[in-house]
Amino acid sequence: MTRTRRNEIYFFCLVISLCLGSVLGILAQKQQAPSRARSPRKPVMAPAPVSRPKAAPEQPPVASAPQAPFSSFQSPVTEAMLENGLKVLLQENHSAPLVSVGCWYRVGSKDDPAGAAGLSNLARRLSLRETESYSKEQTRRLIGETGGFWDSSTSLDQTAFFETVPAGALEEVLKLEAARMTSSVFEDSQVRVERKRAAGEARTGEDDSRRLLDNEVAAVALTRHPYRWPAGGWLPDVESINLEELLRHYRQQYAPNNAILVVVGGFETRRTLGLVERHFGKIARQPDPRRSQAPEPEPRGERRIRVSSEAATPYLQFAFRSPELFNDDFYAMLLVDAALTGAHGMSRWSDLQPAVAKNSSRLFQALVDKGLALEVRSRLMPTQSPSLYQLTITLSDAFQFQAAEEALLEQLERMKNQELSDVELAKAKNLLVAGEFLGQDSISGRAYQLGYFESVASHKVLDEWETKISRVAKSDLRRVAIRYFAENSRTVGSVVPALKVRTVEVESLSAISSDSQAPVTSGPQPKVAPRELNVRLPSLRPVLTPESVFPAGVKDSGSRQGLSKPGTRTFSEIQTASPCALRPQRKVLPNSISLIVAANKGSSTVTVRAAIRAGADRETDAQAGIAAFVSAMLKRGTSVKSNAPLGAVFDFLGAEVSTDTDYLVSTTTVRGLSKDTSTFLQLLGEMFQSPSFTPSDFDQVRAEQLGRLREQEEDPVWVAEQALRQRVYPLGNPLRRMAPGAAESVENLKLADVKDFYRHYYRPEHLVVSIAGDVQPEQVLAVGESAFGGWKEEAMPGSFSAPRTTPGLGVGQRQVAVKGKRNAQVLAGIAGVSTPHPDYYPLLILNQILGGIPWGGRLGDRMPPRDASIHFIQSQFQGDMTGGLFSVSASADPAGVDKVIALIREEMDRMRDPSVTEAEVRSAKRSLINAWAVQLGSNEGIAHELLRMELHGLGEDYLQKYPSFIEAVSMESLLDCARTRFVFDQTAVVVAGPGTGN
C-alpha cells in the first residue's frame, strides 16, 4: 500500500474517531446534566417557593353532597324607593307567622367628628326609648306585649334599629320607626342623663381588658381614619357632647334619604308597601349628609402597644390592615381567616364579637394544641373603607408572650410561602358558604344581613357571595397574605397583668415623617379638616309613588319641618300570635334514648341538640365543673378509627359545634346544612358512645376550662351571681355552685375522675336528641336509630334530689370587691321553682310584670327619669327542672347602689299588695305568648324547646298547649305566689364592684 493510501486511511479513521468522540461527549453531557443542575449555586432573588403537592392527594375527611345555591331557597327581594329617598327592601317568608323590621341609617362611628367620638352612639340611645309620639311607657309596652326580639346598634359604618315580632304587630312597629326618624326627644335634661349612662358603659368597656386592648390597638394601628375610635366613643369625648351637637347630628343623619327600611317575614308585599308609604312617605327629605374622612396613610413600620391592667388574664393581639368590601381581596382575606381560625363566616357579624378559632384551624393547632394559648379569636368585618384584621390570643400566664408570638408569626409566614391543600381550601370555602346559610336561617338573620350589606354597599352582595368565594384561587391567598401580613404594616398589642394603675405605652417602630403621618397616639384626637369621601353606594332614584301602592282615598301627606311634633299616637291593641303549627314526631328507642324531630322548611339548615342528664347536679363540691369538663372532652375526639380528627370533619362540612352544661343536662349542639343531617347524627353517636379521653386532650381541655373560669372571675356579673347562689342555697345543694364549676376544683381533676364520671352518668336512658330543620322526620328518625340504637349500658342509680331550700337562708346585703372595676353590679334574688311546680307559670307572669324586659315593667316605670346613676335594671326567672333563681339585676354607679336596692324593695313590697291589675296581667300574658312564637322562629329555638319539652315531660303537644297554660293562670294564684315569694326581708342582695368586700 502506498504511503499516500495509508495517509488517507489514517486521516479517515482520525475523523471517524473525532466524530464518535464528540457524539459520545455530548451524550455524556446530557446524562450528567441533572447532577450538575443539582450542584450548589449562588442564590438568586425570587418569589418564595410554592410547596410541592404530596405524592398521594389528600382525601376529604368525609363525603358531602353539593349544596344548592342560597338564592334557590329565597323568595325575591322587592326593592322600592319613596319620593323622599327612603330605600325599602321587602322579602316575603311565610315559614313562621313573624316579621322582622330593620331601620338602618348610613351613619356610624366613622361619621363622628374628631373630638366627639361616641356622638352617633349617643344619638341612637336617645332615639331608642322615647319619641314625641311614643312615650317611654308606650315604647316599653309595645316591646313587652309583642314579646319580640328588639335591639339596636351603632357600628363603624351604620346605625340600626331592628325588631322581630308577631306579624300582627307589623304596622305598630312601622309607626314607631317612623316616629324615631322624625321626633326623637332631645331635651337637655334627657341628654345629661343619657350621656352619663353612655359614659358609664364606656367606663365598663375600659374595665374589660380585652375590649380595652381592641380599642387601643385600633387607635394605634390607624392614625387618621375614624375607624380608629370605638363605636361607643372615648370617655372624655362622650362626657363633653352637648345638646347642640346631638340635634345637628340627628337632623342631618336621621333622614329618609339616608335610611334603609327592611321588612322580612309573613306579610303581603303590596299591602306592606302601602303601610310604608302611609307612615314614612310624609317625612320630608333632608340635604344629603356629607361623607368625610381623613385618608389613612400607608404604614411604614411595626407598632407596639402594651396595656398594664389589674386583671389577671394576659392577652396578645396582632392587627393588620384589611381590604374593604368593594375590593375582591376581601373575599380572599375571608378564606385566609378561615384557614387560620376556621372563622364562623356571616353568622358572627350580627354580634360583632371576635370568632373563636375552631379546633382544626391552623392557629388553634399551633397555639392551643401546643399549650401556648388558651384561646384564639379573630375579627374581620365587611366595611366601606380599609379596616383591620385582628387576631387575639388569650394566654395562661405572662411568660408565654414570646413563644405565642413566634408561633403565630410562623403560621402567617406559612400562609405567604405555601399554598393550601385542595382539602384545606375546600374546607375554608365550605365554612364560608355554610356560614351564609346559618347567618340567615331565620327571618331575623335574613333581615339583618339585607340591612347590613345595603347600608355598607348593596344587598346584592349577598347574591354574589358564593360566586366570589368560589372564584378565589390558592394563588390569591398567597398574594393577599404577602400583601397584608407585611411586617411593616402590623400592630402588636398586649395586656400585661400588673397590680398597679393601668397605663398605656406605645412604641412606634415606623420611620414617621412629620408631613406624612401624625404621631402615633391612642385616645381622642384634635379636630382636623376632613376631606370629602366618595362612597361607592348604588345610585338611588324614585321608583315608588304614593299612587302606586295606595287605593284612592287613603293617601297620607305631610312634611318634616325641623323636628315635627305629631302628637301622641293611639296605641293599637297588640294581637296574640297564632298557635304553633309545628307537629314534632317522637320515637323512643329500645335502649330508652328519645328522638324528637320537627320539620321546618324556612331554610336549608338544621340544628341538632343532644342532651344527657349529666349536668352539674351530678357533681360533688370537690369536683365542681367536672360535668362541663366531660362535655367539652366529647368534642376532642372518639376512639372510632377515622381518616381525620373529629373537629376537622365538622369543619369540612361548615358546621358549628358547641357544648353547654347547666344543672340538669350537658348539651352538644350542631348547626349546619340540612343535607348533612345524617352525618351529624352519626358523629354525635360516636361522640357519646366512644369518646377517646386521651391524656393530651385532657390537659388541653383543663387549660381551656381554667382560662375561661379565671376570665369570668374578673366579671362582676359572674362574681355577683356566684355570691348570690352561696347565700340562697344551702350546703349540699348543687345550685349553690356555678354550673361551669370553679378554678380550684377543675385544677385538681384527674383523667381518672373524668372517665369515672362518664361511666356513671353517660347512659342511653339519659339521652335526648332533638332535631329541627329542613328534614324529613321519618328519615331522620331512622338515621337516629342507626346512630344511637346500638348503645347498651346498665341502668343508672337514682335520680337527682336537691336539698330543700329554706326561704331567707342568706338574707341581707353582701359587698364583693372586684379589682379594676368602676361600676357596680347589684343582684337581689330568691330561690325559684321547677317546671312542674304550681307556682311556675304564675312566677313567669309576675316576672314580666315586675321587669322581665330591659327597662320594662314596674321597675322600668319607676326608674327616676333624671337620674343617670342606674344604668340598667331587669328581673329574670331561670326556671327549670331543678328550680332556678328568681332575681333582679342592675348595673349602677357606686352612688346609685342604694337607690337600686331601695327600688327593688319598694317594688317587691308593692307586688305583695293586691295592686296587680287585670290590665297588667293581660299585657304580661300576651308578652309571654308572643315571645314563645318568636322563640320558635328559628331552628335553634325550635330544637331548644323540643329538648326542654322532652326532658321535663311536658307532653308531645306542649308547643300547641303552652299558650293555654299561660292563659289559665288566675289572679288568685298570682296574688298567692306574690305574697309567698316576694318578701324582701327573705331576699339575698349582693353588690359586686369597687369597694371593700365583706
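Trainee: At what angle do helix α26 and helix α31 pack, and how far apart are their axes?

Mentor: Please bear in mind that this is a predicted model. Helix α26 (residues 840-851) and helix α31 (residues 958-967) pack at an angle of about 70°, and their axes are 10 Å apart.

Trainee: Why is α26 called roughly perpendicular to α31?

Mentor: The term covers angles of 65 to 115 degrees. The angle here is about 70°, and therefore α26 counts as roughly perpendicular to α31.

Trainee: Which residues make this contact, and what is its make-up by class?

Mentor: From α26 come Y841, L844 and I845, and from α31 come Y958, Y962, F965 and I966. By class, the contact of α26 with α31 has seven nonpolar residues, no polar and no charged ones.

Trainee: What makes α2 roughly perpendicular to α8?

Mentor: The axes of α2 and helix α8 (residues 243-253) come within 10 Å and cross at roughly 80°. Since the range for the term is 65 to 115 degrees, α2 is roughly perpendicular to α8. On the α2 side the contact is made by L119, S120, L122, A123, L126 and S127, and on the α8 side by E245, L246, H249 and Y250. These residues divide into six nonpolar, three polar and one charged.

Trainee: Why is the meeting of R278 and E171 called a salt bridge?

Mentor: The side chains meet at 3.4 Å, N to O, and the cut-off is 4 Å between such a nitrogen and a carboxyl oxygen, so the pair qualifies. R278 lies in helix α9 (residues 269-280) and E171 in helix α4 (residues 170-183), so the pair ties together parts that are 107 residues apart in sequence. The structure holds 66 salt bridges.

Trainee: How many cavities of 30 Å³ or more are counted, and which helix gives the most to the lining of the second largest cavity?

Mentor: The count comes to five cavities. About 100 Å³ of space lies in the second largest cavity, and α5 gives the most to its lining, with four residues. Both α2 (119-129) and α5 (188-207) supply at least two lining residues each.

Trainee: What is the make-up of that lining by class?

Mentor: The lining of the second largest cavity has six charged, four nonpolar and one polar residue. Among the lining residues are R125, E130, K136 and P865.

Technical notes: Residues numbered from 1 in each chain as written. Heavy atoms only, no water. 1 Å grid on protein atoms, 1.4 Å probe; cavity = no way out; pocket = protein on both sides within 12 Å on 5 of 7 lines; lining within 4 Å. Points joined across faces, edges and corners; volume = space filled by probe spheres on them. Nonpolar A, V, L, I, M, F, W, Y, C, P; charged D, E, K, R; others polar. Axes fitted to C-alpha atoms, helices over the stretch in contact; angles between N-to-C directions. Parallel < 35°, antiparallel > 145°, perpendicular 65-115°, else oblique. Contact = heavy atoms within 4.5 Å.
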